[in-house]
Amino acid sequence: MTDNIKLLLHAEDGSFPYLSDNLLATYFNPEDDLVKNHLTIGIAVKDTCVVPLYKKTGGDTNVKKLKRKRSTKEEHNGTETHTMQQNKVTKPSGYTFDAKPIHELTHLFSGYDTMVVPTFDLLEDSWVAMDKELVARHKKQRITKGEEEDDDDNGEEKKKRENSKVFPNVSSTKDKSSLITPNGVQQITPCMYAEVGMKLQCNSMLSLFDQAHPDDGKKRKIAAVERTQEWLEKCLSSIKLKGDGRQKYLWGAFSCVGGERLIADGSFTDLTQHDNVLLLIGIALVGWHHIPRRHDRIKIVNKVRKKVAAPGTQLCILAALTLEQIVEAASSGVGTIGTSLPVVWARSHKAMVSGLDVYQQYQSKGRLDSHGYMDLSNEKYRDDESPMLPNCLCLACKNGRHSKAYIHHLIKANELLAQILLFGHNLNQMLCLFQYLSKGEEKEEQS
């Protein structure tokens, strides 16, 4: 079991959302022990590494940046004439994946622990894309009927979509994974993914994976599991061919939905042990958060740790949806736990106030009594002059800088500062929770 349980923060566009360089340097400096010991930044290839392709006159393609149109002013006989110097710009003929070192690609400081992933959740990506398409189609129908457009998408239509949330199939093929990017669905091979991932020069990389939903049929589950295993082999081969001495660099993706058959036949065990031990940091469980029953989630973690992982191999949960799942994973011996809760809560006006007793609460009851946050958009905080959490050292709470009433006012005024303060607070509290969970696990090991 690892001493330091790490938060795998789901980054956006390869960096922290909301926070400027100055705020990062002040509150989440990579040299701080809390950040150094408990934070890993997840860099998703689908967000950061998509580049356009343009055709040359000879028919070849190359990657280049779009040139902006420049306006020039010319003076003639005391009068100004405006001319537009137009550079001939063609639309991209397509998109591909390419990268350069992450510190050149984003404003992320050097010193952070970083991990390359293709995406964090193929199923959620597919649902978000489908939901956007449904919203666009709904608005188009209203315009056609001459009805007024809904400015707010928080009404009955959104509730209907959430209540009937159906995950569409991920359209991956045997040789390529389909990633939903800002430029639409793009396919990537395991070899291309490994090459792009190594160009980012991050500390580690997760192998390419396919993903099935628990409600999918048997064939779909088997296909996702087999592809994930084949792609892990290809990623391992690509890294070995580089011959740059990388050791303990790759996380092997394990598809939780349908993955029991790999545990039973021992094929995944053979792949993750023996010669590959030198390259593998550990095993990352993909789709774990979609398993509905807590008992089944704990069961798959225990099976992977005992029957698949080599001695000393770390375990990672790629995504956790709730605070309860985070504590559950930590209690099961998982060393790295991914989540986007700090930014999800910030965008929904929620502040993490669970305190650090959640681990004891979970150990004694096997569950958490609350979601671990408060909604500051609630009117009851309008006149509350107390900070979100006493003794919290985040940019909002430190020295009583900002009160609940002030943040409530920012939310009602629709100010971006509200989300900045809430994200900084939530991330700080999440890191403190991970520090506390690490100490709890260490005490259990000693006793």
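## Helix α7 and its surroundings

The buried residues of helix α7 pack against α3 (45-48), β7, β8 (113-117), β10 (184-188), β11 (204-206) and α8, where helices (H or I, at least four residues) and strands (E, at least two) are DSSP runs numbered from the N terminus. In α7, the residues P190, Y193, A194, V196, G197 and M198 are buried, a word that means under 20% relative accessible area, with exposed meaning over 50% and partly exposed in between (1.4 Å probe, protein chains only). Just after α7, Q201 takes a positive phi of about 55 degrees.

Helix α7 (residues 190-199) packs with helix α8 (residues 218-242) at an angle of about 50 degrees, and their axes are 9 Å apart; axes are lines fitted to C-alpha atoms, for helices over the stretch in contact, and angles run from 0 to 180 degrees between N-to-C directions. That angle makes α7 oblique to α8, since angles under 35 degrees count as roughly parallel, over 145 as roughly antiparallel, 65 to 115 as roughly perpendicular and the rest as oblique. On the side of α7, the contact is made by P190, C191, Y193, A194 and M198, and on the side of α8 by W231, K234, C235, S238, I239 and K242, with contact meaning heavy atoms within 4.5 Å.

## The model and the chain as a whole

This is a predicted model, in which local features need pLDDT of at least 70 and side-chain atom pairs count only at pLDDT 80 or more, while totals for chains, interfaces and linings use all residues. Residues are numbered from 1 along each chain as its sequence is written, and side-chain values use heavy atoms, with hydrogens and water left out.

The secondary structure of the protein chain comes to 16 helices and 17 strands, and 48% of its 447 residues count as buried. Among contacts in the protein chain between residues at least 6 apart in sequence, 73% join residues at least 24 apart.

## Aromatic rings

How many aromatic pairs does the structure hold? The structure holds 4 aromatic pairs, where rings of Phe, Tyr and Trp (its six-membered ring) pair if their centres lie within 6.5 Å, and planes under 30 degrees apart count as stacked, over 60 as edge-to-face and the rest as tilted. F16 and F28 form a stacked pair, with 6.4 Å from centre to centre and 20 degrees between the planes. This pair links distant parts of the chain, 12 residues apart, with F16 in the loop between β1 (6-10) and α1 (21-27) and F28 in the loop between α1 and α2 (33-38). Both F16 and F28 are buried, and together with Y112 they form one aromatic cluster.

Elsewhere, R297 lies over the face of W288, at 5.6 Å from the ring centre; a charge sits over a ring if NZ of Lys or CZ of Arg is within 6 Å of the ring centre and within 35 degrees of the ring normal.

## Buried places

Helix α12 (residues 323-331) has 7 of its 9 residues buried, so this helix is largely enclosed by the rest of the structure. The buried residues of α12 are L323, Q325, I326, V327, E328, A329 and A330, and the helix is followed by G333, whose phi is positive, near 95 degrees.

In helix α16 (residues 416-446) one finds H425, which counts as buried because its relative accessibility is 0%. Not counting residues up to four places away in sequence, H425 touches A351, M352, M388, L389, C392, C394, L395 and C397.

## Residues in loops

Most residues other than glycine have a negative phi. H349, however, has a positive phi of about 65 degrees although it is not a glycine; H349 lies in the loop between α13 (341-347) and β16 (350-352) and is partly exposed, with a relative accessible area of 26%. N414, which is not a glycine either, has a positive phi of about 60 degrees.

S93 lies in the loop between β6 (79-85) and β7 (94-97) and is partly exposed, with a relative accessible area of 43%. The C-alpha atoms of S93 and K55 are separated by 6.6 Å, while the residues are 38 apart along the chain.
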